[in-house]
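The sequence and structure come first.

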Amino acid sequence: MDYQAYILPHIWNLKPYSSARDEFKGNEGVFLDANENPIGSGTAIAAWNRYPDPMQHQIKAQLAKIKGCEENQIFLGNGSDEAIDLLMRMTCATDKHNIIICPPTYGMYEVSASINNIVIQRINLTAEYQLDVPAILAAINSETRLLFICSPNNPTGNKLNRADIYQLLNSFKTGFVVIDEAYIDFSDEPSFISELAKYPHLIVMQTLSKAYGLASLRLGMAYANPTIISLLNKIKPPYNIGGATQQIVSQALADREFVKKGIELILAEKERLIIEFEKIPQVQQVYPSHANFLLVKLQSAQALFDYLITEKVITRNRSSVPLCEDTIRITVGLPAENSILLEKIKSFYL
Ligand SMILES: *Cc1c(COP(=O)(O)O)cnc(C)c1O
């Protein structure tokens, strides 16, 4: 791929900030380079007085092993949201280039594009919540730089047909295809990370916010060709991943069993919820889910949602989202939480 043709010239030519920690790689030494406080951070907490590794080598080495890729194919962001924003700022000029999104889908693509004043083309999913491939292909033009595909999709929960994704990857090569796999760990679907070598314009996003249970630490990953990764690294804030996050993530990644057990529990609870929802006559549809949540179409969705809030059970009302009329999105909780939810829904409809 001729990357330079699809990256904004001022980004391609940018001379990045050179951080003090880029110049010396060792851990031992007399560090008088970064204007840090040499004493420490106060008595109640561990020492955080030094700037963290701007390239997060430790975590990338662990992720490369887990995901079966190279370290130079990994970008780490302050949540996936940072990667989404940087991808737009790297490829799209205000009021000129466009992105394609496929609603109903994750809201941040649109918000991030709007903040950057980038043209948004919305090609709705089909009634089956699948990609409308002909319509997407028709919408692609010479100014299209990013195509966002979310699979399993939020808020619908289903996975998108793999053949459709391949067709788009093979047809759209004058920009980048971003596949958001935030929920991939809950699905039996293989990741597209294994296709990076074949598709130099592919960017796969994942996050530690869901299956890994680390939403508060803010760590999102983008996997792509090393050229794309080095451009992202060039434009990110130098210390975008804090030292506490790096340290805790590194520990968490070592505990594979915790993640695996958690996924098993959540999937079992999801099955229980599906069975129980289907017994409730006012529930019209429980959509197929490959994620840790269910999109449910039911009678008086708005009133039920409001009632649940008064009962301190918080769900997400998706009724105003295209193709999601009369639905709420429910995250699978702990067994006791799910039981409370079911009880409240039943008492609402009584
Ligand atoms: C939750 C979610 C994310 C995660 O975002 P973070 O910024 O990493 O917490 C990304 N994409 C989708 C579709 C999501 O639902």
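A residue is near a molecule or strand if one of its heavy atoms lies within 4 Å of it. The model is a predicted one, in which local features need pLDDT of at least 70 and side-chain atom pairs count only at pLDDT 80 or more, while totals for chains, interfaces and linings use all residues. Residues are numbered from 1 along each chain as its sequence is written, and side-chain values use heavy atoms, with hydrogens and water left out.

**Ligand**

There are 13 residues around the ligand, and Tyr183, Thr207, Ser209, Lys210 and Arg218 come nearest. By class, this shell holds 4 nonpolar, 5 polar and 4 charged residues; Ala, Val, Leu, Ile, Met, Phe, Trp, Tyr, Cys and Pro count as nonpolar, Asp, Glu, Lys and Arg as charged, and the others, Gly among them, as polar.

| Side chain | Distance to a ligand oxygen atom |
|---|---|
| asparagine 154 | 2.8 Å |
| tyrosine 183 | 2.6 Å |
| lysine 210 | 3.3 Å |

On its own the ligand has 390 Å² of accessible area (Shrake-Rupley method, 1.4 Å probe), and the protein covers 94% of this area.

**Pockets**

Points are joined across faces, edges and corners, and a volume is the space filled by probe spheres set on them.

The largest pocket has a volume of about 660 Å³. Its lining consists of 23 residues, with Arg21, Asn27, Tyr51, Pro52 and Asp53 nearest the centre. Helices (DSSP runs of H or I, at least four residues) and strands (runs of E, at least two) are numbered from the N terminus. Helix 2 (57-67) and helix 8 (243-254) each supply at least two lining residues, and helix 8 gives the most, with 4. The lining divides into 8 nonpolar, 10 polar and 5 charged residues.

The second largest pocket has a volume of about 260 Å³. It is lined by 14 residues, of which Val313, Ile314, Thr315, Ile330 and Thr331 are closest to the centre. Two or more lining residues come from each of strand 11 (327-331) and helix 11 (335-349). Helix 11 contributes the most to this lining, with 4 residues. By class, the lining has 6 nonpolar, 4 polar and 4 charged residues.

Methods:
1 Å grid on protein atoms, 1.4 Å probe; cavity = no way out; pocket = protein on both sides within 12 Å on 5 of 7 lines; lining within 4 Å. Polar contact = N/O pair within 3.5 Å; in protein donor to acceptor, adjacent residues only side chain to side chain.
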